[in-house]
Each structure stands twice: as C-alpha cells, then as structure tokens.
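Here is a short briefing to read alongside the model.

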Amino acid sequence: GGCGACTVMVSRYQPATKTIAHYSANACLLPLCQLHGAAITTVEGIGSSKTRLHPVQERIAKAHGSQCGFCTPGMVMSMYALLRNKPQPTMEDITQALAGNLCRCTGYRPIVDGCRTFCQEANCCQANGGANCCLNGDENTNESGHFLPLDPTQELIFPPELILMAEASNPQTLTFHGERMTWVSPTSLEELVQLKAKHPKAPLVMGNTNIGPDIKFKGVLHPLIISPIRVKELFEVSQGPDGVWVGAGCSLSELHSLLEKMVPQHPEEKTELLRALIQQLGYLGSQQIRNVASLGGNVASAYPNSDLNPVLAAGNCRVRVVSGEVPLNQEFFVGFGKTVLRPDDVVVSVFIPFSTKGEYVRALRQAPRKEVSFATVTAGMRVRFSEGSRTVQEVSLYFGGMGPTTVSAAKTCQAVTGRPWNEETLNEAYDVLLGELALPLSAPGGKVEFRRSLTLSLLFKFYLDVLQKLRETVDRVSFLNARPPQPHPHVPKDQDDQDPVGRPMMHRSAVSQATGEAVYCDDLPQTDGELFLVLVTSSRAHAKITGLDVSEALKLPGVVDVITANDIPGKKTRVMFGYEQELFAEDEVFTQTSLENLDFRKNMNYKNFCLSVVCVGQTVCAVVADTKAHAKRGAYAVKITYEDLPDPIFTIEDAIEKSSYFEPRRVVAKGDVTEAFKSVDRVYEGQIRMGGQEHFYMETQSMLVVPVGEEREFKVYVSTQWPTLAQEAVAETLDIQSNRVTCHVKRLGGAFGGKVIVTSVLASITAVAAWKTNRAVRCVLERGEDMLITGGRHPVLGKYKVRQKTQLKDQYSKIVKKNFNCDNNWFGSCLLCGQVASRELHIPTSKVFISETSTSSVPNTCPSAASFGTDANGMAVKEACEILYRRLEPIRQKDPGGSWETWVREAHLQKISLSATGFFRGKDLYYDWDKMEGQPYAYFTFGACCSEVELDCLTGDYRTLRTDVVMDIGRSINPSVDIGQIEGAFTQGLGLYTLEELNYSPTGVLYSRGPSQYKIPAVCDVPLRFNVYLLPDSHNPHAIYSSKGIGEPTLFLGSSVFFAIKDAVTAARSDSGLSGPFTLDTPATPERAFLACASPFVKKVPASKPGSSKPWALNI
C-alpha cells in the first residue's frame, strides 16, 4: 500500500442514505472476500485507446505525465476517484489525492499539470474542458484538438443488481474457505461477539492495512479471520451535548469528513479536539489508506508511533466495547500492540468529547517525509486554564514514537499543573520530560537523540501556540504558485513542418500507459504448466552454512522442486568488472544425494563443507511451485543453519581498517603532493560522508523463461536494460549457444541502472529452473526482496586535506580515502528513436512503429544506461533509415508525387530489400591510469541550479520553495521528454541528498525494505516553484542531431537543496552564537538538519555513553 501503483476505485451502495460512495484504494491490500457487494473500477474500465479515452487519461498523457508508465494507472485512478466525488476539485484536493502515489521518473510536475486542468480556481490556467489551456499551445505539445470535457453524467453506472442486493432485508453471513484460512463476515453485532468469544485469537479485519502486510510479507498465518465490515452497529454515529460517538468501523476518511462538517456547526471553543484530529488525519497515511483503515482498528492496533492515539488520549476520549466503556488513557496501552482490552472484546465506538472554554488541544508530529510517512515522534497535547487566568488547571501530554506504545508524560503534567504558563514553568518541565521519556541507544527505530530532543521542541511549539492563541493552520504543499508547464525552445524557421525533431511530442506509449493497456513483463499471460520461483536468501552476513534442510518445503502442496547450485549445467558464476558473483552459494561436494539426505552434519564430512555466504540477501537456493503463494510458503519452510565467521565488514571504516579494497585501486595525482604539503601557511582537513540510495524502480525485477522448440531453446521475457547480457548469461549458465536463447524486452517500469547486472543473474537462476523442470518459470520479486538482493548507489566516505599558501593563493588537495562509489547508470531513454526515423525517412511519426527489443532482431545490443540510450539507438536508427532511404531513391525520383505506401509496394515489385540494420556503439573511449591520459568521455553535459529552502529548526523539516534549473543539452530532439528527464533526475537527486536513507542492523540486515521504511520524494517534496530552462543555441557535434544525454547528469543538481539546507542550518547556528565548520552528512534528513542546528533542546539531551548499548542501526 505504499506506492499507489495499483490504485483502483471501490464503489458501494449505502441503503440508509440511498447514495453511492466512491473511494480510491490500493488493490494490493483489498481482500477479495471483503468486496462482496462492491463494484471495482480499474484503469482499463474508464477508457481505452480502442474506444474512448477518459479526460483524466488524456490530460495526463498530453501533459507528458508518463515516462516509464508503471505508476500512471495508479495516478489516473486516484484522480478519477477524486473527480467522481468532486468534479471541480481544488488544488489542495488534487495534491491530497496524489499524495499516496509514488513516481520515480517524472518529478511529479507534469502529472500535477495534467490534473490541475480540472481545477476551477481563479489562477488555474483554464476552465474545465476549455480551449485556452497552456497545455494545448504549440509551446507545449503538438497534439491537436482540445481536451475532452469532463462530463459526470457519462461515467459508468453502479450495477443495479448490487443495489438490489444491498437493500435485501435479510443479509446472510458469508464464509469463504481457503487452503489454510477461513474468512467469515457476520451481519450483526451479536453474531460478531459470539464469533469473537468462540475464536478470541481471530483478528478483526476492516481495512486490512495491518493484518494484510503481516500475512504477505511476514508469513503470518491466521486460520480464521473475522471481517465485521457488514455489521451496521459499527458504523453508527451519535452526537450529544458533550461530544460524538463514532462507530469503530468508520474509515479514517469518513471520520475526517464527519469532523469537518461538525466544526462549523459549533463554537470554536468546543472544537479544539476536533480540529486537532482533522489536522492529524490529513497526515495519517495516504488517501487510499485512510479510505479503508478504520478508527477502531487504529485504536486497537496500539502502534507505538500512532498518529491518532496520542491525540485521542490527550483529549480524554473513551472506547465503548460490548461490556462497557474504557477510558483512553495511559492505562489503556499496556505494551507493543497491546491494550487492556480482552482478546474477545470488540470495539464498538469511540467517544470524542467537545472541548471547554479555556481548553486548547494540539496535534504535533515529525516524520521522515511530510506526508504518507510513519511519524518519528508524534504528540497529542491538551491544556486547560483556570477561568480568567493563565494558571494551568489541567494538562495532558501523550507521545508516540517514544517507547513500545503510546506514553503519557504524567510527571511532566504534574510539574506544570497549578503553575503559570510561562518560560520558567516550561524550562522546569523540560528536565522532567527528559527524565520521564528516556530511550536506550538500542531502541527500535534508532534516532534516539533526535527523538528525545523532539519531545522538547514539540512541547515548546505547543507552548508558543497556546501562548499566542493562534488558530491551527495546516501547513501543506500547494502548487497554486507553480509555474505553468515549461516553455520549449522553438525549432529553426526553415525546418520542415513534418520534421518532428526538436518538437515537444507526447511519447508513443503515453496513452497506452494511461489506459493500462501497456504490457509489462509480469502482465504476460500465464502459460500452461507455468511455475513460479521464489528465492531463498541468507539471513547472515558472513557465515558458513552448516545445514540446508529442504524436506519440509518439498512436502508442501504445489512445491515442485528446490533449485541449488548443483542443478546448474554450465557456469555457476557471473564475472563482471573482474569479480565473480555466484548464482547460488556453492559447495563443490554438494550433491543431489546429500540434498535428499538433507542433514549435512550427519551425511557430509564437515571439513569438506565450504558453503558460505558473504552478505544478508545472498541467494542460497530457489523454490519453484505451481503458484506464487505456494512458492513463498516453500521458501519459508527451507531451514538453513549457520556458523558465523569472524571479522565481518559492514562499514567503510571496517573495510579500510582491514585493507579490503576493490582492485585495482585507482589514484589520480598531479605533481608531488607530499612535497607540496611541507611548505604551507594553513592546512584544512576533514571528511565528507554520503549515504547510499536504492534504485526504487516502480516495477521490481521481473522475468519469465519459457522452454521452446526441439533443441533446448529458450525465450526469456525480461525487464532489463541490456538484453544481450541477459542472453549471454542464460546461455553460459545452461551451457548452450547464445543463438538458442532469445531475450524479449517490451518496456521497463523504471530501471536507473538497476536492471543490468543483477537482472542477468536472476534471469540465469530462473532459466536453470526452467531447464530442470522443462516448464515455463516466472520470477517477480517483492519490493522487500528486491531491495535486499539487488545493489544500489553505494555510500561514500571521502577524507580531504587541503593546503593554502597565502602568497601564491594556490590550493592543493589530496583525496586520502574514497571507497564504495558506484557506477551511476541510472537513467536512459530511447523514446526519441521514432522521431529520428521520421526525419530520416521523411514520413510522419504516425507511420513509425516501435516494437519490442529482441536479441533475435537486434543482436549485440548496447545497454540503455548512463544516458547513452538515445546516443546509441538514435545513431543506429539513423544509419538504418539512411540505407533504406537510399534504396528507395530511384523509385521516389520516378514517382515524386507518390505516397510512402506506393513507393514501398514498388520496391517489393523491383525486389529491393526494405530491411536494414544500423549499429552504433559510441566512440572508443579509454583512460590510461598509469600515464593518466586518455579520453574517458565523448562529451560533457553542463547545468546550473539554484534552490531556496525554508527550514523549521524545531523539527528539522524543510520545504523547497523554489528551484531554477538551466541545462545545456545541445539541441533537444524532444524537449518535453528532455525536460521530464531533467525534472525526474533532479527529484531523484533531491531524494539522494536530503531524504532517502538506508538503515542496516548491527548484523548487516537491511531495515529499510519497502516504501513504508524507505522514503523517496513524493508530490509533497516537489519545489513549490519549479522552473526548467534549456540553454538555447547550444550544439554538440558528438551525438545524434547535436543532442546530449540528459537523464543522469541532472541528478547531481539535487544537491542544491542540500547546500541550501546547510546554509539555513548555518544561519540557525549563527543565531545561537555558533560559528565555524560543522558536520552535515548526506542525506540531510530532518534528523541531521535538526541536530546540526544545535538548538538548546539538542544540548539538553545527554550524550549516550559509549558502549552502554549497541546502536539500533549501523552508521554506514
């Protein structure tokens, strides 16, 4: 539920009001059993290129809001669901609707531009469906015609049979039986209570936002699940003079809507708690999550960093269960995920009281990302003053993220009660609060110093807010001040109107991506007898494997086989850059006999057993089964025993200490640096540290290997940037000729360099399974598996030493240590080849069709990486088209007035070949490290960027107010594509330098394995004003049509936000009387920015004693 790519719209009929409710939801969290009586609308259902596009699909496509396209259906459906409920949305509505949808390619600006055309606000660029939108002008797109108008009367109707079903007077209990699980959906509270009494351990599932991920990712098994979604008593709302009872089954979106309606109906003094909850609900999860997650589930799950529970507890709320009422206070939460409620209790409703005169309630939080992110620390605070005074009569402070459950700062409250609301009282409260909310260094989640400091700064924020009696304002990203879509340079006046080069064109797949018709690897239909493969990976970082027991896995239903290194008929390793990577952890004496015996310690000589692993996530074996679910169960059942080896290497410092370097070690030097340092006026020394980054392509590693033909032939359908490498890898692994293997690549759902080497390894493993079973085998990694198994951008440590000689004003630098850097093959695009073919063949782009890439038709491919895709493929297409055009020259001269079709027919009659191959691998680049000379690059791409940020020194939160980018990209082939690449790369760079953080346990386990733990930029992170300019009159003689590769270089410009944050921190430190150098590593997360500000709150937190406990995470 973290990326939003699978967003659909759920529609339900409400018999009580005879209305139809529409809401967006994540399909990956929607149990089919729970959708009885609901209508589901997917992106394919609202429009099609074969029938009629829906306005949302059309506008996102025309606004160039789609690049790889994997996230586009989700974007479309989030916007569609919003329009079904609100045909004339505000920009706030739009940004809220898109907050739960992640995109790694575009930088979000074009997506928002497409959606903002539905906005009716005064400063929007057009009225709905009108003709004068900036998106329709020549400066943005050459697509003709106006936007399709949005007509709510033409939307799909709700199925009448579902209305009749919902109005039936006697609904029946629904029971679904699965292979290992039973799902029961009762229809009354009485029946629900009876079920819960009989099965107290059975979980209640409303939104499936808690139980669902546990089942899917942790392998948790619940033999019985009770779904009370049809129990009407859980959805009742009752308002009284003291407050409102809200049914526990009400979704968080319904609660938000209810509270928003109530606020204007009551005096302001009575709505303090309501407004605090409204604010907190706006940040809790995404719109898709809030639409299904329930109020009762949020309370009962008792998450330690819950956003709602601290506010509900501070506000003196109560919980009604069948047996009575229970106060929501410090006694309610008894441990991690536990409350005082009995296992057979059922939460019926929650009471939210009105506030009284002189009472103030606030909700405060800090999170790694402003929206759709679990809070680091969250707080609910309430204070009530004696009438006519500033003396505290009562105060309530609750915190989330400061322990295993929601905690009350009872001692701090006691210290404040009865005292005046002033700085003296607050200063004493700080010391009490620090002592009351202590955290060990090993506390789950880490960031101990930050979290403890935050409790003080949030209390200070509350103090200031109450002191000044300010109305709560919701601080949200708004695109209302954003610049209209970026201007594009005009083509030369003498350029043929039919020549598309240099014109901003919507890329060919945009419409099919917006309609869901675009086919990705895992969209390929299943073949008869197809198997699914799931990898079994190491849970230890540096260890010998002393036992591998697959017996239980092989007994499970559906499991066909377990694949090990012993099953590989050919090469068992892949060599890249001089280093071997094993397909599986391997032992030469590992035989099928020993596999069948299963107990290695009994059946094998331990001295001969050398199977070992070098990292967590290394593949040990793979399970193949008839379904993905069965394969996952089989993988869970494989038992591996280890013997840890000494001296594991986790950090760069560890590697330096143990002289563990990648060879050969490269040195760049000029002159005698050592001699130069002997005579200096001043020496500066220090270090820089840069964190790693996950590719986070939206489509995870995906492949399908199909045995075909009579002579061991294989078709490999794979999402890769380098089909030829995958072809060679599979052939060498299977010990067959490469011509027996054909790799097919239709499109990739993002890659950024992450689908080259690792993809060939995974394809080889999948091919071994297909070889052994002689059946088609599919492998599609889960997000967590992908992040654990594959590589990424590595962390960097650089130590520098600089001399300054005042007289000569010269500086010499020596980089002492720099390790763990990586190859930055992150961006690539060959969407422009159609425009190249159009120009060279002198035909419109509508006559150009780009099929899939296949090694049978395009051998010896170059990888589409390092911004080289258009350089290589564009030149190859140009060469092939020039050959074809020359062959047609005699026919065109004889019939100059003919059409392309008549020329082609005549060529056939004259036996002229109309197939041609072009090839271009680029210039011969080299560098002699011994002589320190050569040409490592064909050309350079230049750019400049300026960013302005606003930093909250009390939380470390920042927002990018404005970014201006100027790029020299030569003569752009398609400005809309190039600007999209620039914006996407900048946004990914913004994530690298300020947001994205990889956390590893002390034993080398990656904690951040998915969108809930690893935060890439979202809509809320886009600069409020984002301007991109292409440098005019620039030429590049070294690439196709004087263009330049652009995707990758712009990533570095995201560092402008980092340096702006550092400037803001410098100013904050100066205000505190601090000067001189300070450390701010990247990514400059809120934690690092906050601590670097060195506020009085940071100074109050005592430093942890070295060796007092093991930190939760390594500093990598």
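Where is the place of Ser659? Ser659 sits in the loop between helix 22 and helix 23, and this is a predicted model.

**Backbone geometry worth a look**

- Ser659 is not a glycine, yet its phi is positive, at about 50°.
- The loop between helix 22 (652–657) and helix 23 (673–676) also holds Pro664.
- Another cis peptide bond links Thr1082 to Pro1083, and its omega is about 0°.
- Pro1083 belongs to the loop between helix 31 and helix 32 (1086–1093).

**Domain layout**

- The domain assignment begins with domain 1 (7–121 + 149–163), domain 2 (171–232) and domain 3 (235–470) among its entries.
- Also in the assignment are domain 4 (531–589 + 610–645 + 700–791), domain 5 (829–863 + 868–935) and domain 6 (942–1100).

**Where domain 1 meets domain 2**

- Taken over C-alpha atoms, the centres of domain 1 and domain 2 are 29 Å apart.
- On the domain 1 side, seven residues are in contact with 12 residues of domain 2.
- Between them, domain 1 and domain 2 bury about 790 Å², with carbon and sulfur atoms giving 66% of that area.
- Leu29, Cys33 and Gln34 supply 66% of the area that domain 1 buries against domain 2, more than any other three residues.
- By class, the side of domain 1 touching domain 2 consists of four nonpolar, two polar and one charged residues.
- How many salt bridges are counted between domain 1 and domain 2? The count is zero.
- Polar contact does occur across this interface, in two residue pairs, both at pLDDT 80 or more.

- An unreviewed UniProt entry places the feature "active site" at Glu1048.
- In the model, Glu1048 is found in the loop between strand 38 (1025–1030) and helix 31 (1055–1071).
- The unreviewed UniProt entry also lists residues 176–357 as "domain: FAD-binding PCMH-type".
- Over residues 176–357, the chain is 32% helix and 20% strand.
- The end C-alpha atoms of residues 176–357 lie 52 Å apart.

How values were computed: Residues numbered from 1 in each chain as written. Predicted model: local features only at pLDDT ≥ 70, side-chain atom pairs only at ≥ 80, totals over all residues. Heavy atoms only, no water. Domains from an automatic or database assignment. Contact = heavy atoms within 4.5 Å. Buried area = accessible area lost by both parts, 1.4 Å probe. Salt bridge = Lys/Arg side-chain N within 4 Å of Asp/Glu carboxyl O. Polar contact = N/O pair within 3.5 Å; in protein donor to acceptor, adjacent residues only side chain to side chain. Nonpolar A, V, L, I, M, F, W, Y, C, P; charged D, E, K, R; others polar. UniProt positions renumbered as here; feature names shortened; annotations may be inferred. Helix = DSSP H or I, 4+ residues; strand = E, 2+ residues; numbered from the N terminus.
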